[in-house]
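Reader: I would like to go through the contacts in this model, with the cut-offs stated.

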Amino acid sequence: MAQMTRRELFPGVWLRAIHTEKFKSAYLSITLMAPLERATAAENALVPYVLRRGTAVHPDMERLSAALDELYGGAVEPVVRKKGETQCVGFVASFLDDAYTLGGEPILESAAALLGELLLNPYTQDGVFCPDYTAGEKANLLDRIRGQVNDKRTYATLQLTRRMCREEAFGVDKLGEEASVEAITPASLWQRYQNLLSSAAIEVYYCGSAAPERVEAALRSALASLPVSENRLTPECQVRLHAEEQPRVEEEAMDVTQGKLALGFRTGGVTCWEEDYPALVMCNAIFGGTTLSKLFLNVREKRSLCYYASSMLEKMKGLMLVSSGIEFDKYETARDEILAQLEAVRRGEIEDWELEGARRTLIGGHRSTLDDQGRQEEFWLGQAAAGLDTTIEELCAQFETITREQVAAVAQKLELDTIYFLKGKEA
Amino acid sequence: MEKLEFTRVGEQMYHEKLENGLNVFVFPKPDYQKGYAFFATNYGGMDMRFCLDGEWHDTPAGVAHFLEHKMFDTKEGNALQELAANGASPNAFTSNAITGYFFESTEKFEDNLKILLSFVSIPYFTPESVDKEQGIIGQEIRMYEDDPEWESYINLMEALYKNHPVRENVAGSVESISHITTDTLYACHKAFYDPANMVLCVAGNVEPERVCELAREILPKTPGPIALKDYGEEEKPRVFQRQVEKEMAVSTPIFQLGYKGDPAKNGEERLRQRLVAELALEALLGNSSPLYAKLYREGLINQNFSYGYDSYPGCSFLCAGGESKDPEAVRMAVAEEGARIGREGIDGKLWERLKKGVYGNKVRSLNSFENLCVGQAQAFFAGTDFLRFADLFSALTKQEAEELIARWVTEERTALSIIRPKGGAD
């Protein structure tokens, strides 16, 4: 069975290693955790992409790819994630596990070294990032920011949170803003990078067949040139307890054939640090988190008001976000029906099969996280950002005991804050 | 049960063909929390014309997908909810060639497997539920219409192929699905959902024999007739249309490039063609190819660039696409690189490296039960075993990949589909 260790490699630099032989791959990630701020978001988001272009040893993508091919097609992806009001930037990587190489040769040490090289030994010109790579990745980042509009489903949720949290750090997009990207220079980016390296809290993650001591040694050596710093702090997350007096209604018109309706709720201060958090997770599952949920069964299946309707939680920020795809003229009917379903949860009108179904789905979903290296990494990064050590098994045990009354009680704390409606141009 | 060992990739597969013709495959995974079951029929969006009991049927586009939605309805209610109530995550998909139903669960695996086998094998349709589904699928089709990547892909299929039904949208159109009745659904279920036309693949902490026992218990005891499919006349190598364009609300042009290949015969030939084609693509425009680096450097492609090979009965093709400010330049650059490889061949060192890389990726992808089970179902319908790749791999030659590029990456076999920003921005 899997065995987990957590060790501090250097001050503020933590390694979580999961020892298991059930996977064909070894999963590695290195994440710098910075406060999400309007001024730095774009530069932070750009850093891993520029780093991924080349190192002093492997100065271009062709040579990096060649090195990865030699490591049996290892994959190293730059990633930018948002966990509460923490901007997480770095790399996730997956390599063939040592057990499956054709000649029995170990990969872990070379893989860790390559990751360390990507993070700490970039290709430079005149002492800063190379202008070519910076310009190229700036253009890509701009494309990504502008491209957010292409997937209307995620775009609607993004617009909802932007507008709902316009006065909070959470309203800042993880990729930053177009104007900030345009202003970036190789020198300014270099400055930001140095700053991140010396001040960000760092999470390192490994899951694979190597013993923890070997993993620790490989990563210590790979990260040996990291600046020594005593003040790597995990960023905080501000929580607004209540919604505004009157829900704000925000509309946007675009050339689309299907409308999107998104609703944002404040959870009355219930976050992952609170005792009633497991009840909130159950509440979300019953309301809109699964295919057994009230939104799915009533709004979508029974009344055919939309193609999809679901809800999700932002556990650190204390938000519940509802997302649905509707016909333009169903706006009011769909909105009223979504709110009516929430009222039912608040009144405790939850059938046994709804309660138990949500519980089984949640527990099943959490347990199966243990079978997926990427999902497990994502879970533990979320825990690290929140400063929590609760394991998946412990969470499952908490879900086992949640009652209907606890779900109704936590549902009563939900307050509608903002409604976002993406409608057609002609409408 | 027959036990197959794939020692090089650390896998075991149990196989049995039941009396009713169903092929059962089991991958035991004692260390895992979850179990995964995939129950699939050799019937997909492109199987629109078929013959059963001597009678030819022409069905509207979208029936296979419609059927997939409606199969979850049971006389007692809905299997989706029944499975979800047991904590399982069920779902289904319809591709051009197959329809598959699956679930993953960490508890009550046997109960869930029974539910899966039961709802997929027992049809229950009413005019009211068909009517309602037309509304739901109509919405789904419209959602796809707003998805530029999907649109660019489906437009590419229409450009590559003149007649082959792979050019049809799997979900059909709002118009085509309006012709679907309970009779259509019952007829297609009878034609294609016979155990003899299906496979069951299971991965997880399960007893292989037990899976067979449950399948024997729930499913019909004897095989029925299998429908004969017709995909129309054989396609010529030349593409139907060179280039197709559409305007949508996107920020950058989105494109799909397609190369029409030669169809491969069922059996090891299909698997071999897949492996050679995947390696050829890597050499031509893959992440560590010289062309990729050049296109990326010139800003003609970005991280969204992806590529693949696909094959169905009667058609095989390569495609590559993503976002580009100048898709025509990408088309031209690939054509030039294809011609260069035709003249000079693939660099020997590059080839060895690519093989190592592709092999490692394939082995890594075996972590996914879905990949293992869906892969085996597809491979079985194509006449082979998914894990055979591990044995075939080392014998693949550079010449095979070069020949494939020389034959397929030519002007007459290339089609380009572009989604441009509305209003001519950029």
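Author: Two residues are in contact if their C-beta atoms, placed from the backbone, lie within 7 Å. This is a predicted model, in which local features need pLDDT of at least 70 and side-chain atom pairs count only at pLDDT 80 or more, while totals for chains, interfaces and linings use all residues. Residues are numbered from 1 along each chain as its sequence is written, with chains lettered from A and ligands numbered from 1 in the order in which they are written.

Reader: Which helix gives the most to the side of chain B that touches chain A?
Author: The contact draws 49 residues from chain A and 54 from chain B. Elements giving two or more residues on the chain B side include strand S10 (99-105), helix H4 (127-145) and helix H12 (348-364); helices (H or I, at least four residues) and strands (E, at least two) are DSSP runs, numbered from the N terminus. With ten residues, the most is given by H12(B).

Reader: How do the residues on that side of chain B that touches chain A divide?
Author: Ala, Val, Leu, Ile, Met, Phe, Trp, Tyr, Cys and Pro count as nonpolar, Asp, Glu, Lys and Arg as charged, and the others, Gly among them, as polar. On this side of chain B the division is 19 nonpolar, 21 polar and 14 charged.

Reader: Is H1(A) roughly parallel or roughly perpendicular to H7(A)?
Author: Helix H1 (residues 41-51) and helix H7 (residues 186-199) of chain A have axes 10 Å apart and pack at an angle of about 90°. Axes are lines fitted to C-alpha atoms, for helices over the stretch in contact, and angles run from 0 to 180 degrees between N-to-C directions. Angles under 35 degrees count as roughly parallel, over 145 as roughly antiparallel, 65 to 115 as roughly perpendicular and the rest as oblique. The angle therefore makes H1(A), relative to H7(A), roughly perpendicular.

Reader: Which element gives the most to the side of domain 1 of chain B that touches domain 2 of chain B?
Author: Chain B is divided into domain 1 (2-229) and domain 2 (243-424), with bounds from an automatic or database domain assignment. Their centres, taken over C-alpha atoms, are 27 Å apart. Domain 1 of chain B puts 34 residues into the contact and domain 2 of chain B 32. On the domain 1 side, the most, ten residues, comes from H5(B).
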